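I opened a new page for this protein today.

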Amino acid sequence: MDLTSYAEWAVRLANDPDPPPELRRLRDELAAVFDAAGDARAVAERLNALLVRYPVRPQLSDHDGHDWHLHLAEDPAATAVMGLAAVVAELGVDRLGRCREPHCGLAFLDTSSNRSRRYCSARCASRANVAAFRARRRNGS
């Protein structure tokens, strides 16, 4: 079972400025996980607490002509938390990040092969690079 898509759902929810009312608490809890990304133990503690609060219910499914395989039950909270926990367990806490563009700060998953992602999008990376270039020109470097 590939849980990356569930983790990406967690990122989208953590970044949602106006989620449905029933997901606001979860949004804040997921955002707190990304805020703690520099502290592996804090991330693990937050995710463990969320795994207790939002238990995962796997189900066997044979939809669309595929053989039997596992899916997580359609609980958006449980799927988001499980996906994020799986990414941390399989790839490491350092794969969770906050955009370093000073005016952004959105959460992201670093799926790069060399763990080098620093921005949530190409747009923010470009904006930061242009700002750095202009600052160097102003300073005569």
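**Entry 1: a helix pair.** I began with H3 and H4, and found that their crossing is left-handed. I keep in mind that this is a predicted model. H3 covers residues 40–53 and H4 covers residues 76–91. Their axes come within 10 Å of each other and cross at roughly 145°.

**Entry 2: who meets whom.** I looked up which residues link the pair. On the H3 side I noted Val-43, Leu-47, Leu-50 and Leu-51. They meet Val-81, Met-82, Leu-84, Ala-85 and Val-88 of H4.

**Entry 3: Asn-48.** This residue also lies in helix H3. Is Asn-48 buried, partly exposed or exposed? Its relative accessibility is 47%, so I list Asn-48 as partly exposed, since that class runs between 20% and 50%. I also checked Asn-48 against Val-81: they are 33 residues apart in sequence, and their C-alpha atoms are 9.2 Å apart in space.

Entry 4: Leu-60 sits in strand E1, residues 58–61. Leu-60 has a relative accessible area of 59%, so I count it as exposed, the cut-off being over 50%.

**Entry 5: the whole protein.** I counted five helices and four strands. From the N terminus, I read their order as α-α-α-β-β-α-β-β-α. The C-alpha trace spans about 65 × 35 × 30 Å along its principal axes. Of the 141 residues, 38% count as buried. The protein exposes about 8,800 Å², and carbon and sulfur atoms supply 50% of that.

Terms used:
Residues numbered from 1 in each chain as written. Predicted model: local features only at pLDDT ≥ 70, side-chain atom pairs only at ≥ 80, totals over all residues. Heavy atoms only, no water. Helix = DSSP H or I, 4+ residues; strand = E, 2+ residues; numbered from the N terminus. Buried < 20%, exposed > 50% of the residue type's maximum accessible area, 1.4 Å probe, protein only. Axes fitted to C-alpha atoms, helices over the stretch in contact; angles between N-to-C directions. Left-handed = near helix turned anticlockwise from the far one by under 90°. Contact = heavy atoms within 4.5 Å. Areas by Shrake-Rupley, 256 points an atom, 1.4 Å probe, with all protein chains shown as cover.
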